Amino acid sequence: MIIVNYIASVFLIVLGLYTVCTKKNLIKIVLGLGITDYGINLLIVSIGFNPGGTAPVYYLADLLNGVAPNFFVDPVPQALTLTSIVIGACVDAMALALVIMINRKYKSVDADEIRRLNG
Amino acid sequence: MKFKDGIKEKNIIIKCGSDVFLPFSLIFALYVILTAPVGGGFQGGVLGAAAVLLIYLGYGYDVTRNSINPEILRINEACATTIYALLGFAGLVFGANFCRNVFYANGWLTGFVHDGTIGLMDYAVGYNVMTGVGFLLILMLGFLAPVEEAKKAKKKEDEK
Amino acid sequence: MIQHFPVMAVMLLFLGAFLVAIFGRISPVIRDGIAILIATISLVLIYALIKPVMIDGQIISYWMGNWEPVEGYAIGIGYEVDALGLFFALLVVTTFWLSGIYSLGYLKKDANKMHYYTLYLMLSASVLGLVLTGDLFNMFIMIEIMTFASVALTAFRNKQAIALEAAFKYLVLGSIGSSMTLAGVALMYRVCHTLNMAQISSIIGGEFNLTTIMAFGLIVAGLGVKSYIVPFHTPAADAYTAAPTSISMIFSGMVNKAGVYGIIRMVYVVFRAMDRSSIQILLVVFGAVTMFIGVTMALAQHDFKRLLAFHSISQIGYVITAIGLGTALGLNAGLFHAMNHTLFKGLLFLTAGAVLTATGTTNLDKLGGLSKRMPVTTVCFLVGAFSISGLPPFNGFASKWMVYQAIYTKAVESGNILFAIATITALIVSVMTLASFIKVTQAVFFGQENPENANAKEVPVIMQIPMVIMAVLCVLTGLFYNVVEKFLLAPAAGAALGVSNYIDKMMGAGYAKAAGITDIEAAPAAFSFWNPLVWLLLFVVVFLGVYIVMATSKSTRGRMLEGGEGYDPKYATFFSGEQEEFSQVGGSDLFWGFKTDWKGYYKVLQGLHSGIVTDYASYIVMGAAIIILVMFICLR
C-alpha cells in the first residue's frame, strides 16, 4: 500500500525535525538531520512508484514496437533520490567533521555550551 | 578500533578476509563502471571506494594511510570532474548544446566510444565517485585516528 | 552563439574550481591567476548579455544536451535567462569578481588558500547557476552546493572556535531549509510530473489545491531560510561574523540575494500568487518584522561585522516588503534596493575587512580614530554609511524613496492599515540605521584613538581598488537612477510580471495561450518627480544652518558643560555623560540612553538570540509552520 509510505515519510520527517529541535547533543542533532533526509527520500521514491510497474530500462526500438511493456515506474524521482542521498551523506560527513573539530575547541558536544556567538 | 583486553592486533581471519575480498571487490567495481552507458558509473564508483573501508577493517588506520595517498586521490577527483566538464563542452565545439552526446556510433576503438561522449562522461562519473568517496572515507577515518592514538597514549601512561 | 553564454559562465566557474584544485599547489601565481582569470571571463560573458536581454528584450532558453520538449512535456534540464534572472546574475558576477580581487590582498597571512579559491569559485558558480536555471530540481542542487561551499568557507579560519561554531549552525539550519525546499519540489513533481518552472507555471495556472499549497509553503519557507528573513535569520548573523570578510561580502551580496531571487521567481512566476492580497500581506508583514528586528539588534552590537550582519538582515526586510506589494512600482523598488544593498553592504564589509587587516580586531570598543591613518577606507566607509542610511545623492536614498513611495501608494490604494504601519516602520528603521552608522563612524574612524592601534597602516592598493569601485558605483547609481531604472529595473520587473513570454519561449510559442495563462495585470510604475541634487542642496543648507547655530552659541561647547549650579551633566537631555573631560565611553555605547529606555525589549530579544542551535532550529520550524498555516487558511 502506497499510503503507508506517505505516512511513514511524514512521520520520519517530523521525527527528524523533533530531534533537531529538542536534543542538545550535537551528534543527535546530526542524526536528526539524517532522519529528515531519509523521510524525504522515501517521499520522493513513493511519488515515482507505480504499483505493478517494471524497471524503466529498454531499447527505444522495443518500446516503439510494443515488445516492452509500456507500464513502468517513473525513473525521474529515482534519479532525484539518488542525488538527494548523496547530498545527505555529504551533509552528515561535513557535520560530523565539524562536530569533531568543535569538540576539540570547546571540549564539549552540548549545544548549551557552544554559544559564544549570541546576543 | 576497539580491541578486547589481551589482543594486540587484528585477527588473522579479518586480515585474510580483507586480502581475499579486496581484488574481487575492485574487479566487480570496475565491471560495474564499464557498464557505464546504462548508468553504472556512480554505483561502481561507490563499490570501488569501499576498498578503502576493506583495508581499514583489515589493517587499521595507519596501514590505510600509508597505502593510499589522500593527496593523489584529491587531485584525481579534480581531474575526473575536469574531464567531465570538458566532455560536456565537447557538445559546444560540435555546434550543439552543453552535454550533448557527440561522437556516437562511429566505430572508433572498436566500440569503446561507440556510445559517444555520454558513455565517456559516465566513466568520468565512476572515476570521480571512486576517488571522491575514497577521499571522503579516508578523511573521516582520519578524524577518528587521533582518538585511537590518544587512547594508546593513555594506556601506556596507565601501564607506567 | 549568444545562447551559450549563460551555461558557459556557470560551467567555466565549476571547471575553474577543479583546475585550481589540480594546479593550485604548483605556485601561488598560477592559483590566483586561474581563479581571477575564470572569474573575469564569467563576468564578461554575463555582461555581454545586457544588450540582447535587457535592451532588446530577448529571453534565452537553453536545453542541456538539446533535450527539447516532447509533445509539450519538458524532459531535459533547461536554462532560461530572462531580464529578472540576468538582473540578479549581474549582481552576482559583480560581487564575486570584486571579492576575488579583494581576497588577493586580504588573505595574505592565511594558509590553505587553494581550498579557499576552489570553494570560492564553487560558491560563485552555484549562485550564478541558481539565478540562471529554469529547472526546479536544478535550483535545489545549486542551493545545496551553495550551502556546502558557504559552510566550508565560514569554517575557513578553523583555528578560531567561533568559525567552527558558526559553520555548524549554518550547516544544521541551512540543511533544514534545503530539506523543506526538496520536499516542496517533490510534491510539485507529484502534481505536475515535470520539473521545468515554465511548464509548472502553465500547469498550475495560479490555481491551488491542497498539495500545491503545501508545496508552495515549503518552498517559500525553504527559500526564506536562504534569504534570512526574520525567524530564519539567526545563522546569517553568526556566519557573517565568523567568515573571512571577503566571504561575508559574498554572503550579503550574492547568497541572500539568491534567496530573494528564488522568492520572487516562485511567488511571481511559478505560482503566480501575487494578485492575492493574503500573500501580499504575508510577505509585507514578514518584511516589516525583519527590518525592525534587524535594525534594533544591530544597535545593540559591539562587533563591527556582527553589526553589519544585522543591518544586512534589516535591509533584506526592505526588499521583501517592497516585492511583497505585488505592484510594478513595488517590484522596481525592491529590485533597486536589492541591487543597492549588494553595492553598499559589500562596500561596508570590505571596509570592515580593511579595519581588521590594519588593526587585527573588529571590536568597536577597541577601535577609534582611524580616519587619519586610513583615509581611503574612511572615505569609502562614509560613502557606504551615507548610502545605507539613505542620504542623498547616494543610491540608498533613491531606492528607499521608491520603497516608501511604493508602500505608501499601496496603502492609499488598498486602504489597509497594515501597509500604513509598514510605511511608518520603514521610515523609523531608516532613522535607526542612520543612528547606528553614526555610532560606527564615531567608534571606528573618529573619536579617541586607541594607543594599541598606533601603528595601523592603510591597506594595500589591491584591497583599495574594489572599495573604490564600489564607492563609485554607489554614487553613480544614486545620481543616474533614471538610467538604472530604464535599462535594468524596468525590464526585470516586466519579466517578473510577464509570465506568458517566459513560458512561450521555453515551451514553444502559443503554449501559454493554450494553457490559458495571462500576465499579471499591474499598473505601470509611475514615479513622482524627485531629484537627489535638490535634496543634497537642502541637506547642505540645513547642515550649514545647524553648524552656524552650534558654532556661535557657546552653551553647547565643551567646557561650558561644567558650569551652572545644581547641574548634573550625567542626566542632561542631549549632552548627558560622565563629568570628567576624558572619561572613556566605549565606542559601541554611544546610544546607551536608548538602550536603557528599551531595556525590556532588548532583554527579550537578546534572550531569543541565545546562540543555542536547537533554539534556532525551532524558530525555523515555527516560521515555516506559520507560513504554511497562513497559506492553508488564505489560499483554500
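Predicted model: local features only at pLDDT ≥ 70, side-chain atom pairs only at ≥ 80, totals over all residues.

Trainee: Okay, chain B then. What share of its contacts with a separation of 6 or more comes from residues 24 or more positions apart?

Mentor: That share is 67% in chain B.

Trainee: And how many helices and strands does chain B have?

Mentor: Chain B has 5 helices and 0 strands. Read from the N terminus, the order is α-α-α-α-α.

Trainee: What percentage of chain B is buried?

Mentor: Buried residues are 35% of the 160 in chain B.

Trainee: Who does chain B touch? Say, how many residues go into the contact between chain C and chain B?

Mentor: Chain C puts in 14 residues and chain B puts in 16. On the chain C side, helix H1 (5–23) and E1 are the elements that give two or more residues. H1(C) gives the most there, with 8 residues.

Trainee: You mentioned E1 of chain C. Which residues sit on each of its faces?

Mentor: Strand E1 of chain C covers residues 60–63. C:Ile60 and C:Tyr62 are on one side, C:Ser61 and C:Trp63 are on the other, and all of them are buried, so both faces are covered.

Trainee: Which strand is E1(C) joined to, and does the pair run parallel or antiparallel?

Mentor: E1(C) is joined by 4 bridges to strand E2 (residues 78–81) of chain C, and the two run antiparallel. In that pairing, C:Ile60 stands opposite C:Val81 of E2(C).

Trainee: Switching topic: helix packing in chain C. At what angle do H7 and H25 cross?

Mentor: Helix H7 (residues 161–192) and helix H25 (residues 613–635) of chain C cross at roughly 20°, and their axes come within 10 Å. Angles under 35 degrees count as roughly parallel, so H7(C) and H25(C) are roughly parallel to each other.

Trainee: Is that crossing left-handed or right-handed?

Mentor: H7(C) passes H25(C) in a right-handed crossing. From H7(C), the residues making the contact include C:Phe168, C:Leu173 and C:Met180, and from H25(C) they include C:Tyr616 and C:Ile620. By class, the contact of H7(C) with H25(C) has 10 nonpolar, 1 polar and 1 charged residue.

Trainee: Now chain A. How do H1 and H2 pack there, what's the angle?

Mentor: H1(A) and H2(A) pack at about 160°, with their axes 7 Å apart. Over 145 counts as roughly antiparallel, so that is what H1(A) and H2(A) are to each other. H1(A) passes H2(A) in a left-handed crossing. The residues of that contact divide into 16 nonpolar, 8 polar and 1 charged.

Technical notes: Residues numbered from 1 in each chain as written. Chains lettered and ligands numbered in written order. Buried ≥ 20, exposed ≤ 12 C-beta atoms within 10 Å, placed from the backbone. Contact = placed C-beta atoms within 7 Å. Axes fitted to C-alpha atoms, helices over the stretch in contact; angles between N-to-C directions. Parallel < 35°, antiparallel > 145°, perpendicular 65-115°, else oblique. Left-handed = near helix turned anticlockwise from the far one by under 90°. Nonpolar A, V, L, I, M, F, W, Y, C, P; charged D, E, K, R; others polar. Pairing = 2+ DSSP bridges.
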